[in-house]
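The sequence and the structure come first.

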Amino acid sequence: MANYYYLMAGLPDIQLSDLKPARSIAEMKEECEQALTPKDKKILYFFYLKWDCRNIVRLLKNPEAELDLLGNLTADQYQDLLTSARELNFNVHRYPAFMSEFVRNYAFNSEKKGFFAEDAMMYEYLQYVIKNCPNRMMKEWCRLTMDINNILTAMIARKYGWNVGDFIQGDNAVTELIRTNSTKDFDLSLQYDYVKELMQIVDEPDPVRKEKRIDAFKWVWLDDQTFFEPFSIEALLAYLCKLEMLYRWEKLDPENGKEAFRQIINDLRGEARVPEEFIQNNTQRTSNK
């Protein structure tokens, strides 16, 4: 396993309450290109792939749309993907198959009531990473993101008397319980400790504070995952995920949200502990090195 001590030690500390990210994701991408091993560069490909997905949706809606340069593909490659997919001539070895299939089916799906292209594409992206990324933490991050989305969506659907199954995406242990269980927490609290926190979040009446609490929960989760390996590729991935959250809030939230984030993080850390199972697994991995 590569150790990125010099890269990580040189990065500025960041907190969810920061008003402005200390380093841009674009700058981080350039630094990683210089410092990472070829194997770890392939892992970061999966992280930046989400921007390729967003660019494709933009181009489908507006062929003249401005592209986000954080993606892996060039402007010419986006056009090649769009053209080949529409001509049913796409090469699954050149681009991820789910992207080409999304383009091919877009004209039909966009006419459907309740179809949100960005959400649909992000679901496909998460599924792709979970199935194909060789890095455990990146897979678990995407699985956690999908599970949180499904749990919160299910709780909201139940609150308004909607059919929960109509709004759930994916097929795993969490979605199976959501679809089949009628208890308040879908019996998820027995297997997933974080569900108790999510049930409190979903009842938050302020939508902005609700989003803050979700991101604060994710932030603490990332800290726990990298607690024992602060200079690993996992720590770098966690740092990038945190930067992404900061950039989102820089656009959405003014200065008055700073103290709210600090308080939410403090509240979570009062309860947070590194899971015993994670400690045991890490100890075992360390002893085997």
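## Terms and basis

A salt bridge is taken here as a side-chain nitrogen of Lys or Arg within 4 Å of a carboxyl oxygen of Asp or Glu. The model is predicted: local features need pLDDT of at least 70, side-chain atom pairs count only at pLDDT 80 or more, and totals for chains, interfaces and linings use all residues. Residues are numbered from 1 along each chain as its sequence is written, and side-chain values use heavy atoms, with hydrogens and water left out.

## Overall architecture

The chain has 13 helices and zero strands; helices (H or I, at least four residues) and strands (E, at least two) are DSSP runs, numbered from the N terminus. Read from the N terminus, the order of elements is α-α-α-α-α-α-α-α-α-α-α-α-α.

Of the 289 residues in the chain, 46% are buried. Buried means under 20% relative accessible area, exposed over 50%, and partly exposed in between, with a 1.4 Å probe and protein chains only. The chain exposes about 16200 Å², of which carbon and sulfur atoms supply 49%; accessible areas come from the Shrake-Rupley method with a 1.4 Å probe, and for residues only the protein chains shown count as cover. Among contacts (heavy atoms within 4.5 Å) with a separation of 6 or more, 63% are between residues 24 or more positions apart.

## Salt bridges

Side chains of opposite charge can pair when their charged atoms come close. The count of salt bridges is 14.

One of them joins Arg213 to Glu197, with the closest N and O atoms 3.6 Å apart. Arg213 belongs to helix H10 (residues 207–225) and Glu197 to helix H9 (residues 194–202), so the pair ties together parts 16 residues apart in sequence. Shared partners extend this into one network of salt bridges made up of Glu197, Glu204, Arg209 and Arg213. Arg213 is buried, at 13% relative accessible area.

Another salt bridge is formed by Arg94 and Asp80, where the closest N and O atoms are 3.0 Å apart. Here Arg94 sits in the loop between helix H4 (75–86) and helix H5 (97–109), while Asp80 is in helix H4, 14 residues away. Both ends are partly exposed: Arg94 has a relative accessible area of 41% and Asp80 one of 30%. In the pair Arg23 and Glu31, the closest N and O atoms are 2.3 Å apart. Arg23 is buried at 16%, whereas Glu31 is partly exposed at 28%.

## Cysteines

How many disulfides are there? The count is zero, a disulfide being a pair of cysteine sulfur atoms within 2.5 Å. For Cys133, the nearest cysteine sulfur is that of Cys142, 7.5 Å away. Cys133 is buried, with a relative accessibility of 3%. Cys53 is likewise buried, at 0%.

## Aromatic rings

The structure holds 17 aromatic pairs. Rings of Phe, Tyr and Trp (its six-membered ring) pair if their centres lie within 6.5 Å; planes under 30 degrees apart count as stacked, over 60 as edge-to-face and the rest as tilted. Tyr45, Phe46, Phe98 and Tyr128 are linked into a cluster by ring pairs.

Two charged side chains sit over rings, meaning that NZ of Lys or CZ of Arg is within 6 Å of the ring centre and within 35 degrees of the ring normal. The charged end of Lys50 lies over the ring of Phe47, 3.9 Å from its centre. That of Arg54 lies over the ring of Trp51, at 5.3 Å from the centre.

Leu246 is in helix H11 (residues 233–252) and is buried, at 3% relative accessible area. Leu246 and Gln15 are 231 residues apart in sequence, yet their C-alpha atoms are 8.5 Å apart. Beyond neighbours within four places in sequence, Leu246 contacts Ile14, Gln15, Leu16, Asp18, Pro21 and Trp219.

Asn150, in helix H7 (residues 136–159), is also buried, at 3%. With residues up to four places away not counted, Asn150 touches Phe167, Ile168, Gln169, Thr175 and Ile178.

Ile214 lies in helix H10 and is buried at 9%. Its C-alpha is 7.8 Å from that of Leu198, 16 residues away in sequence. Apart from neighbours within four places, Ile214 is in contact with Ile148, Leu152 and Ile201.
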